[in-house]
Structure formats: C-alpha cells, structure tokens
Amino acid sequence: MTAPTAAHPPLARKARHPYRAALATVRARTGLTLVGLVVLAGLLAPLLAGHGPTDQSGLALAPPGTPGHPLGTDDLGRDLLARLLHGIRADLGIIAVAVPLGAVLGCLFALVAAAHPISDTVVQRTFDLILAFPGLILALAVTAVLGPGRLPVILVIALAEIPVFGRLLRTGILVQSGREYVTAARVGGTSGGRILTRHILPNAADPLVVQIAVSLTVAVFIEGAMSFLGVGVRPPEPTLGAVLSQSMPYLAQAPHFAAGPLVTVTALVLGLSLTAEALNREIRR
C-alpha cells in the first residue's frame, strides 16, 4: 500500500454541523443557560411558588424577605414570587404557540408564492397589507374584534411573524433556485417537487432557524406590551407584562414590585438574543 501523495491527499475530517458548532460556543451556552433557567422556573411554577397567583393576604406591598413571601407582595397582597412564576408560565405558553404558528403559515405562503408568478404577486401584496399595520394598531384591532385574552395575543404575534418568515423563505428559495446544483438536477430530469423538497428547502432553511430565536424575543415584547396596555391576557391571570403594568403606580413606594418581571424579561431576551447571534455567526461562515 502506497503512502498518500499530493495527487491523492488523505481525506479531511468531516466538518461539524453548523448548529452543533454554534451551540458549543460560550455565547450560545450562556444564552441557553439563561433561557433554560427561565423556562425551568415557568415549568416548575406550581412547585416553587408556595402560593396561588391570585391568593390574597393582609400584607399589601410587603417588602422582599417577608416571611412566606420571598419577593414581597403586590398592592392586593398577592405573593409576587407566585405571580412572577405563573406569569413566566403564561408567557411561555403563548409564545410557544404563536411563533411556530406564524412560522408555519409564513413558510406555507412562501411555498405558494414559489409556485407561480401570479400567486407570488398575491402573496407579496398580502405581506404588504399585514406590514402596513403598526404592531399597536394591529393589536388593538384584533382585541376590538375578539376581546382581551390569550387568543388575541397569539393571533397578533402570529400575524406579525407571517410576513417575516414568508419573505425570508421566499428569498432563500429564489437564491437557491439559481444555483448550479439546482440546474444540474433539472437537466438530470429530477421533478420540480423533488428539487424543492430535497435540494432547495434544506439549503434555504438555515436562516429560518436563526429567525425563530429572534422571533421568540420579539414575541416576548409583543405579549408584554399588550398586557402592559391592558389588551392582553385578562386579569387576574398574571403575565410578565401585566405584573409590570400593575407595578407602575408604586415604583417610588415599592420598587421591588417591578424588579421581578424586569429581571426575568431581561434574562429571557438576552438569552434568546445571544443564542440567535451565535447561530447566525456560525451559519454565515
């Protein structure tokens, strides 16, 4: 057996998958740790809270460290730790439904747009119509029709994300359709549907993974803003935005009231942003 020569170099080690390499970075690990802690707190809310989120005591605006109330109480004597944990749980439930719903619908619109130039025009005008409504106006319009609650929040987030995912995938499909490997597949007699599912979509999907992390961050802000304005989830059910809104009149008197939701939202958004940035950097290499 002859030794490898310059004409026949040894096989190179297979490169790691970009997602795995991205998640192995310090940035991604930090982000996933922050997100994981928040998610774990929400999932374990009934075990960690010690009180119901709507249970009232005689201690209004009790400071942190009060016996039985580690984070204190709100203006109605409800335990802030319980409301914070159940608020995280409610927020996670909303964004876990809304963002995938918007992503799936946006991708379906993109596939319809790729089918024919006329359908592409119709889909693009639909996206323009959705984007023409500012987020607040869209939230108020949906709430005016359906009333406040979880469903309107989910619909507003999903509607806001449909054109984002739709245009992203449409752009990816157009870029990949002009590549040489697609031309070679067409020349080889491969059907259009097989080219789309086996060649174009897998190569156009990477930006969608990054966008999911970004959209989760946006969804946190949308839910918080709607609850803050009183057009989100109905009280007395807690969400992070609702707890923060309730604390506004008492910032000077009881700053601890707002500390919990602010720290939680910051940790969740920072964690998702770090993860999205790590994925984006690795995919673009």
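Predicted model: local features only at pLDDT ≥ 70, side-chain atom pairs only at ≥ 80, totals over all residues.
The helices α7 and α9 were examined as a pair. Helix α7 spans residues 150-177 and helix α9 spans residues 192-204. Their axes lie 8 Å apart, and the two helices pack at an angle of about 120°. On the side of α7, the contact is formed by Leu169, Gly172, Ile173, Gln176 and Ser177. These residues meet Leu196, Ile200, Leu201, Asn203 and Ala204 of α9. By residue class, the contact of α7 with α9 comprises 6 nonpolar and 4 polar residues, with no charged residue.

Helix α7 also packs with helix α4. The axes of α4 and α7 come within 6 Å, and they cross at roughly 40°. This crossing, too, is right-handed. The contact of α4 with α7 contains 22 nonpolar residues, together with 3 polar and 3 charged ones.

A further feature concerns empty space in the model. Rolling a probe the size of a water molecule over the atoms shows where such space is left. The second largest pocket has a volume of about 250 Å³. It is lined by 16 residues, of which Val35, Ile212, Ala213, Leu216 and Leu272 are the closest to its centre. The lining of the second largest pocket consists of 15 nonpolar residues and 1 polar residue, and no charged residue is present in it.

Two features of the backbone were also noted. Most residues other than glycine have a negative phi, and most peptide bonds are trans. Leu61 has a positive phi of about 55°, although this residue is not a glycine. Leu61 is located in the loop between α3 (45-48) and α4. The peptide bond from Pro235 to Pro236 is cis, and its omega is near 10°. Pro236 belongs to the loop that lies between α10 and α11 (240-247).

Methods. Residues numbered from 1 in each chain as written. Heavy atoms only, no water. 1 Å grid on protein atoms, 1.4 Å probe; cavity = no way out; pocket = protein on both sides within 12 Å on 5 of 7 lines; lining within 4 Å. Points joined across faces, edges and corners; volume = space filled by probe spheres on them. Nonpolar A, V, L, I, M, F, W, Y, C, P; charged D, E, K, R; others polar. Axes fitted to C-alpha atoms, helices over the stretch in contact; angles between N-to-C directions. Helix = DSSP H or I, 4+ residues; strand = E, 2+ residues; numbered from the N terminus. Contact = heavy atoms within 4.5 Å. Left-handed = near helix turned anticlockwise from the far one by under 90°.
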